[in-house]
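The stops below are given in the order in which to select them.

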Amino acid sequence: MSRTSSIELPSRPNLEFEQRLWQEGYRIIAGLDEAGRGAWAGPVVAAAVVLPNDPRVSDLLSGVRDSKRMTPGQRERWRGCIQSAAVAWSVASATHEEIDMMGILPATCLAMQRALDELHNPPNHLLVDYIHIPNCACPQLSLPYGDCRSLSIAAASVLAKTGRDAWMVQMDEAFPGYGFAQHKGYGTAQHRQALMQKGMLPIHRRSFRPIVDMAFC
């Protein structure tokens, strides 16, 4: 195990938290995570994943990790495995306009609530990476480093990341020259240079400090 901020992290995400809740009588447990909170452009995307109450799913999804620790090829490979193994899953988003209007954290919670609303099996407990979703009737557990600890959250992180990346690749085709297929809207040197040379696009987050500092707003 590795240690991060006094929290013991397992070698890979597991079903420890899910099994505790299953034993307490919660049958439908959704893991939630997001992608794109720190990007300069595009939506924030959230995913919800409900795994079956079956310890064997840990072996079926043995390659699933926090999406940031996986290569694009690994994420794409395991995306299909997650969707096949899950009892239910969904992906939803909050737009860059909503991010600018309400702020990134409320927009992230909005995307998560939308993902929950799209599940065909309503959960009776949530496992959420870091965030607490306000005004949510369902009981929830906010887990620091949840995508490294809970298999349900890690699976959600993969679906959120692959969903958002696919959208950014489409934006690369719509707005060539900005490099969205490479940096996915994050604040790389390539992205900054494109902004300075070509200007801001409608999908950029006007409220974000780097965009404001470049005097576009």
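A disulfide is taken here as a pair of cysteine sulfur atoms within 2.5 Å. By this rule the model has zero disulfides. This is a predicted model, in which local features need pLDDT of at least 70 and side-chain atom pairs count only at pLDDT 80 or more, while totals for chains, interfaces and linings use all residues. Residues are numbered from 1 along each chain as its sequence is written, and side-chain values use heavy atoms, with hydrogens and water left out.

**Stop 1: the cysteines**

Select Cys-136. Cys-136 takes part in no disulfide, and the nearest cysteine sulfur, at 5.4 Å, belongs to Cys-138. Cys-138 is likewise in no disulfide, its nearest cysteine sulfur being that of Cys-136, 5.4 Å away. For accessibility, buried means under 20% relative accessible area, exposed over 50%, and partly exposed in between, with a 1.4 Å probe and protein chains only. Cys-136 has 18% relative accessibility and so counts as buried; Cys-138, at 13%, is also buried.

**Stop 2: Asn-135**

Move to Asn-135 and display its backbone. Asn-135 is not a glycine, yet has a positive phi of about 55°. Helices (H or I, at least four residues) and strands (E, at least two) are DSSP runs, numbered from the N terminus. Asn-135 sits in the loop that joins strand S6 (125–129) to strand S7 (140–143). Is Asn-135 buried or exposed? Its relative accessibility is 81%, so Asn-135 counts as exposed.

**Stop 3: Lys-184**

Next select Lys-184, another non-glycine residue with a positive phi, here about 60°. Its loop runs between helix H8 (180–183) and helix H9 (189–198). With a relative accessible area of 15%, Lys-184 is buried.

**Stop 4: helices H3 and H7**

Select residues 72–85 for helix H3 and 151–174 for helix H7; their axes come within 9 Å and cross at roughly 120°. Axes are lines fitted to C-alpha atoms, for helices over the stretch in contact, and angles run from 0 to 180 degrees between N-to-C directions. Angles under 35 degrees count as roughly parallel, over 145 as roughly antiparallel, 65 to 115 as roughly perpendicular and the rest as oblique. H3 and H7 are therefore oblique to each other.

Now show side chains. Contact (heavy atoms within 4.5 Å) involves Arg-75, Glu-76, Arg-79, Ile-82 and Gln-83 on H3. On H7, the contacting residues are Ala-155, Val-158, Leu-159, Lys-161, Thr-162 and Asp-165.
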